[in-house]
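This report goes through a few features of one structure. The sequence and the model are shown below.

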Amino acid sequence: MVPGMVEDLVRARGPFSLRESTRLVGDATRRFDGRILVCLFELGGRLERAACWQETDGAIALRALSEEGLERLKEVLPLEADHSEFLRRFATDELLGRSIRELRGKRPLRLGTVTHALLRAVCGQLIESKRARRIELRLIRATCPTDGVLYASPRPAAFCDFAPATLQQRFDLSARKAATIVRVCRTLDLERLRGVPPAGAARRLERERGLGPWSVGVIGLEGLGCYHFGLVGDLGLIKLCSALLGRRAEPEDTAELLAPYGEWQGLASTYLLAGFARGLLPVRSDRMAA
């Protein structure tokens, strides 16, 4: 035990690989150096870092300055979200079989707040992912507290006082995206959605103008930590469908692709995208229609 630190050692329910789950998760609020994940949280007006790593026996070691920091870190890590049923059910799936065998410990990490997931979902609508992440980074740097290196994930208050036109002009957002961020943060208690059953949370989010199936999928996976909502219309899945179909795919094609995975559509989206990017799917990317 390090003096002044709170530590814990926990085991995930079902297969879990921290390294596989943290691929490409670095953002303004967290860093992964190949072994240790470090996150920054705002707790009662103060900032606190918390860290975790995976021991050789698979256990996850966690360290923070307080019990509250430790609990917030556990909320980010999907240690209780056992996906063994998904692995069993789709082990022989024509598309996912190899990805499941090679990536079986992969689970989407949650962001520090549901508001951050909303921001990511809205910024990422219908644009290239690198540009979306640049916009997200600028917004977080302009609105969230920092310890000089990392930033705490935003809460609704970070955007409630903005006029949509100001967000649009300062951060390269469309008028519709800026209005969606401000309106949802003003009218919806986003952070309480983590305590709502997934179907109810989805219905509530879908009633908001500017939030379609893809946005609900992002918020579901990265904000609420549930696997129910697929990334319908995701540009990567559209590319995958184009390769599978030999023609230019449409968003509805991605809905058909995900439908067989039922209540696991969100996790299936993650495995399909990772498998496609790493050449684990039985499809040739050169079959994409021009």
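## A buried serine

A residue counts as buried when its relative accessible area is under 20%. The model described here is predicted. Ser269 has a relative accessibility of 0% and is therefore buried. Ser269 is part of helix 14, which covers residues 265-277. Leaving out residues up to four places away in sequence, Ser269 touches Gly230, Leu231, Leu237 and Leu258.

## Nonpolar cores

In soluble globular proteins, nonpolar side chains tend to be buried together. In this model, the largest nonpolar core has 70 residues. Among those with the most contacts inside this core are Phe86, Leu139, Phe159 and Leu272. Helix 5 (residues 114-123) supplies the largest share of the core, seven residues. Another core, of 19 residues, lies apart from it and includes Val6, Phe16, Leu70 and Val76.

Which residues is Leu272 in contact with, leaving aside its neighbours within four places in sequence? They are Leu95, Leu96, Leu237, Leu240, Leu257, Leu258, Tyr261 and Leu281.

## Two residues with positive phi

Leu126 is not a glycine, and its phi is positive, near 60 degrees. Leu126 sits in the loop between helix 5 and helix 6 (129-143). With a relative accessible area of 73%, Leu126 is exposed.

Asp172, also not a glycine, has a positive phi of about 60 degrees. The loop that holds Asp172 runs between helix 8 (164-171) and helix 9 (175-187). Asp172 has a relative accessibility of 42%, so Asp172 counts as partly exposed.

How values were computed. Residues numbered from 1 in each chain as written. Predicted model: local features only at pLDDT ≥ 70, side-chain atom pairs only at ≥ 80, totals over all residues. Heavy atoms only, no water. Core = buried A, V, L, I, M, F, W, Y, C linked by side-chain atoms within 4.5 Å. Buried < 20%, exposed > 50% of the residue type's maximum accessible area, 1.4 Å probe, protein only. Helix = DSSP H or I, 4+ residues; strand = E, 2+ residues; numbered from the N terminus. Contact = heavy atoms within 4.5 Å.
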